Amino acid sequence: MGDYMVAERELNLAELAYTQIRRMILEKELPGGMSVVEGRLADHLEISRTPVREALMRLAAEDLLVKQGSRSFAVRNVSATEFFQGIHIREILESEAINLSFDRLDRKVLENLRREVIELGETPEQTAAQWQLDDRIHLMFPKVSGNTVLLRSINELRTLTRLCEVSYPLGRVPASTREHLAILEALLDGDSTGAREAMVMHLRNVATDCMDILRGG
C-alpha cells in the first residue's frame, strides 16, 4: 500500500510539473531557444527531480522541447515559415469551427467573455490572464462544435504559432482586444458570417504585425 501511494504521488507531481512547465512555455516565461535544466526547474517548482524529468520527456514528445546535451532541454524554436503556414491553416480551421459551433454557443458565455476582454484590454502589457483568455476564446469554438479532431488540430496549431518568438508582437494587446470584441459582438448579433470574417481578419492582422517585425518595421 505504501509503495502504491508513493507511486501515485509521483504521478500527481509529474502531472503538476507538466502543467506548470507547459504553461510557462506557452505564456513565454520560457521563450523559444531557452535552455531548460531539470535541476533548476525542480528548485523553482519545489518538486523533486524525478517528476520534473518525466514532465520534460513528455513535453519533448509533444515537440515543445528539444534535447540539448545529455541532461538538458531547450524550448523549441519555431521558424517564421512554420509560423505563417500555421496561421494560414488556422484561418481555415478556426473560421470553420465558428461555423460548426454557431448554433450551440451559449449567449451568457459570450457576454462574459466580452466583459473579460474589455476589462483585460485596459492593461496594455501581455499578461498571463490575457494568454489564458486568448486560449478560452479560440478553443471555445472547436470545443463546442464537438469535433475532437478539429479541437486537437487547432490546439496543436496554436501551440506551434505560440512558440514562434515573434508570435505576439509587443504592444498588440489593444489591437487584439478590438479584434476579439469584433468576433464576440458579431456572434452576439447572430452574425455567423461576420464572426468568421472577424476571426480571419484577426489572424491575418497578427501575421501582418509579425511580418513587420521581421522586416524591421
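Gln130 is found in helix H6, which covers residues 128-145; helices are DSSP runs of H or I with at least four residues, strands are runs of E with at least two, and both are numbered from the N terminus. The model is predicted: local features need pLDDT of at least 70, side-chain atom pairs count only at pLDDT 80 or more, and totals for chains, interfaces and linings use all residues. Residues are numbered from 1 along each chain as its sequence is written, and side-chain values use heavy atoms, with hydrogens and water left out.

**Gln130**
- Gln130 counts as buried because its relative accessibility is 8%, where buried means under 20% relative accessible area, exposed over 50% and partly exposed in between (1.4 Å probe, protein chains only).
- Its side chain reaches the backbone oxygen of Leu120 at 2.7 Å.
- Beyond its neighbours within four places in sequence, Gln130 is in contact with Leu120, Gly121, Thr123, Glu125 and Val173; contact means heavy atoms within 4.5 Å.

**Fold of the chain**
- The chain has 9 helices and 3 strands, in the order α-β-α-α-β-β-α-α-α-α-α-α from the N terminus.
- Its radius of gyration is 19 Å, close to the 17 Å that the globule rule gives for 217 residues, so the chain is as compact as a globular protein of that length; the radius is taken over C-alpha atoms, and the rule is 2.2 Å times the number of residues to the power 0.38.
- The C-alpha atoms fill a box of roughly 55 × 50 × 30 Å along the principal axes.

**Burial and contacts**
- Of the 217 residues, 42% count as buried.
- Among contacts with a separation of 6 or more, 74% come from residues 24 or more positions apart.

Terms used: Polar contact = N/O pair within 3.5 Å; in protein donor to acceptor, adjacent residues only side chain to side chain.
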